[in-house]
Amino acid sequence: MTSVSLQGNSEHSESSKISGSGIPWNKKTKQSKTISDHIADAVVAILVVAIIAVVLYPLWFIVIASFSDPTKVAVGQVLTLPKGTNFTGYTKIFADSRIWNGYKNTLIYAFAGTALNMVVTLPAAFALSRSEFKPRRIIMFLFTFTMFFGGGLIPSYLLYKQIGILNSMWVFILPGAVSVYNLIIARSFFETSIPEELHDAAQIDGMSYIGYFVRIVLPLSSAIIAVIALYYFVGHWNDYFTGLIYIRDASKQPLQNVLQSILLANQTNSNSAGMTAVAAQRFAEQIKYGVIIVSTLPLLVMYPFLQKYFNKGVMIGAIKG
């Protein structure tokens, strides 16, 4: 009896030492903090605020500079708040009818391209995640090989010309139908996050691989689907090089190329309108800030709705269960 009592007292004293306050640790009880705890919390809070400021300030500066007086922006008077509100840059951008056509083209390319990407990537990743699929290692090696070695610009141009997709919307969609990086992420997710017992149960119920993939795997993979779709959509939205090299018809140019044309045209027009070189440069800078906002605003609006899936989807697919 005495030994049990002594043991209980020793355990109580140990828990008291761990909690640091004579009270056993209880996660439901608010624990008192020492001075060192408050200092550590303050340091962490300062670091977090500093990191947030470093990340957000450049974006905030672009926003306020896009509708501030270009002269005040150039001399450094615009730092945290806009000064000399001036929407000339946006007026010049939206006055050009090409921008609406560019938006339409980019939306078509982005949504159609992302849809094709998902239709190709997800089934391929699922097939490569199945251990009973014997050629999967060879096929995965061939996929990975393309990440390090490619034909180059001229062979790609000749290939696209031969198959007849130059100067058409298909040059934005077909060549990038699958991203090996996204394929690897999806495959890892299917391997580590979908229990094999679900497949065993589906087989007992007489379900095929296609039925198992469509009715069980996809509904459980909303996080990784959202992440990969966002990756693909952003890639299509920001695709500037494809339109620059492979598109000659101005009516088929995506938004990024249209915005570049507007920026260059306004620089030329400003110089020819009798403005000084310094004034023309400042005016061009304002248009440049406006172009950045116009091109990124849809993504900035869309991202908060997918943020809850972003880290979850990537980390689940990256951790080996």
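Asparagine 167 sits in the loop that runs between helix 7 (153–163) and helix 8 (170–173); helices are DSSP runs of H or I with at least four residues, strands are runs of E with at least two, and both are numbered from the N terminus. Although asparagine 167 is not a glycine, its phi is positive, at about 60 degrees. Its relative accessibility is 26%, so it counts as partly exposed (buried is under 20% relative accessible area, exposed over 50%, partly exposed in between, with a 1.4 Å probe and protein chains only).

The model is predicted: local features need pLDDT of at least 70, side-chain atom pairs count only at pLDDT 80 or more, and totals for chains, interfaces and linings use all residues. Residues are numbered from 1 along each chain as its sequence is written, and side-chain values use heavy atoms, with hydrogens and water left out.

Histidine 199 belongs to helix 10 (residues 196–204). With a relative accessibility of 5%, histidine 199 is buried. Leaving aside residues up to four places away in sequence, histidine 199 touches Arg130, Glu132, Tyr209 and Tyr212, where contact means heavy atoms within 4.5 Å.

Helix 10 also packs with helix 11. Leu198, His199 and Ala202 of helix 10 meet Tyr209, Tyr212 and Ile216 of helix 11. The residues of this contact divide into 5 nonpolar, 1 polar and no charged (Ala, Val, Leu, Ile, Met, Phe, Trp, Tyr, Cys and Pro count as nonpolar, Asp, Glu, Lys and Arg as charged, and the others, Gly among them, as polar).

Now the aromatic rings. A search of the whole structure finds 20 aromatic pairs; rings of Phe, Tyr and Trp (its six-membered ring) pair if their centres lie within 6.5 Å, and planes under 30 degrees apart count as stacked, over 60 as edge-to-face and the rest as tilted. Tryptophan 100 and tyrosine 103 are stacked, because their ring centres are 6.4 Å apart and their planes lie at 25 degrees. Both are in helix 5, 3 residues apart, about one turn of the helix. Phenylalanine 126 and phenylalanine 190 have ring centres 6.1 Å apart and planes at 85 degrees, so this pair is edge-to-face. The pair links distant parts of the chain, with phenylalanine 126 in helix 5 and phenylalanine 190 in helix 9 (residues 180–193), 64 residues apart. Both phenylalanine 126 and phenylalanine 190 are buried.

Ring pairs also join Tyr90, Phe94, Trp100, Tyr103, Phe111, Phe233 and Trp237 into a cluster.
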